[in-house]
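Colleague: Could you walk me through the model on the screen? I would like to know what stands behind each term you use.

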Amino acid sequence: MFDAFFHPVDKIKKRCQKTVKMPGFPRNLQRFYETDLPTENTLLSDCRLIALDFETTGLNFDTDTILSVGGISIEKGGIDFSSAFHHLLKNPVAVKKQSAVVNMITPEQLTRGEDPVDVMNDLMNTLAGSVVITHCGIIESTFLKKALGLTQEMELPMIFADTFNIEHKLHRPTGRKNEYSLSEIRKRRNFPAYEAHNALWDSIATAELFLAQVKDLFGKNRPRLLEVYRYSH
């Protein structure tokens, strides 16, 4: 317990080393695991920070799939809009009526989508070795593992920071419905409303929230990765 609490980032690196030796590890991913991860003492401002969001057909990790991927980088304490990316994955048969109503992604759009393998390779080129900012990161991490052919016991070669967990520690729960949803948190903070359930816009919304949380927690101080990681897990 002592080691797990005081050296979490180091343990991620060790689990990555074990992952590449596991039976069934996809060898085409080897190069991504060779990318260095930041250390616990790396200043957050010196880390590669990427906000990430997936739109999926649902939240059943066994049967649902990724429909779209959106993300954006945080550089020098600000959002780098030139880094924004948004991909629709080619998979028209995967769309469900329920998800189409929520995210407005139709089978016709996905017919013209990009090859999922190409998108995932590009995504891993972007994410490997980074600190990935998500809201409810279990969704992105689990679906990403599934898309890459990794088992849940395998570690991804990146570090996740979760704005959901950070906000939960910053604000005592009141029992209001969905009070820790991305939209409700932004409303409480008087942030502007964006188009919901769009992977790119949700990644931008997450990036903005993360920057606000870091300011709440550390003010003008420059936190190290370990300090932020502990708040987000």
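**Charges, cover and strands**

Modeller: Happy to! Let me start with Arg-189, which is buried, its relative accessible area being 17%. Bear in mind that this is a predicted model, where local features need pLDDT of at least 70 and side-chain atom pairs count only at pLDDT 80 or more, while totals for chains, interfaces and linings use all residues. Residues are numbered from 1 along each chain as its sequence is written, and side-chain values use heavy atoms, leaving out hydrogens and water.

Colleague: Why is Arg-189 called buried?

Modeller: Buried means under 20% relative accessible area, exposed means over 50%, and partly exposed is in between (1.4 Å probe, protein chains only). Arg-189 has 17%, so Arg-189 counts as buried.

Colleague: And why is Asp-216 called partly exposed?

Modeller: The relative accessible area of Asp-216 is 45%, so this residue falls in the partly exposed range.

Colleague: What makes the contact of Arg-189 and Asp-216 a salt bridge?

Modeller: A salt bridge is a side-chain nitrogen of Lys or Arg within 4 Å of a carboxyl oxygen of Asp or Glu. Here the N to O distance is 2.7 Å, so the pair qualifies. Arg-189 lies in the loop between helix 9 and helix 10, and Asp-216 in helix 10, so the pair ties together parts that are 27 residues apart in sequence. Helices here are DSSP runs (H or I, at least four residues), as are strands (E, at least two), numbered from the N terminus.

Colleague: Which residues are linked with these two in a network of salt bridges?

Modeller: Glu-167 and Arg-188 join Arg-189 and Asp-216 in that network.

Colleague: How do you know that Asp-10 and Lys-14 form a salt bridge?

Modeller: Their closest N and O atoms are 3.3 Å apart, so they meet the cut-off. Both residues lie in helix 2 (residues 8-19), four residues apart, about one turn of the helix. Asp-10 is partly exposed at 30%, and Lys-14 is partly exposed at 45%.

Colleague: What makes strand 4 (residues 131-134) covered on both faces?

Modeller: Val-131 and Ile-133 on one side, and Val-132 and Thr-134 on the other, are all buried.

Colleague: How do you know that strand 4 pairs with strand 5 (residues 159-162)?

Modeller: Two strands pair if DSSP finds at least two bridges between them. Four bridges join strand 4 to strand 5, so they pair, and they run parallel. Ile-133 stands opposite Ala-161 in strand 5.
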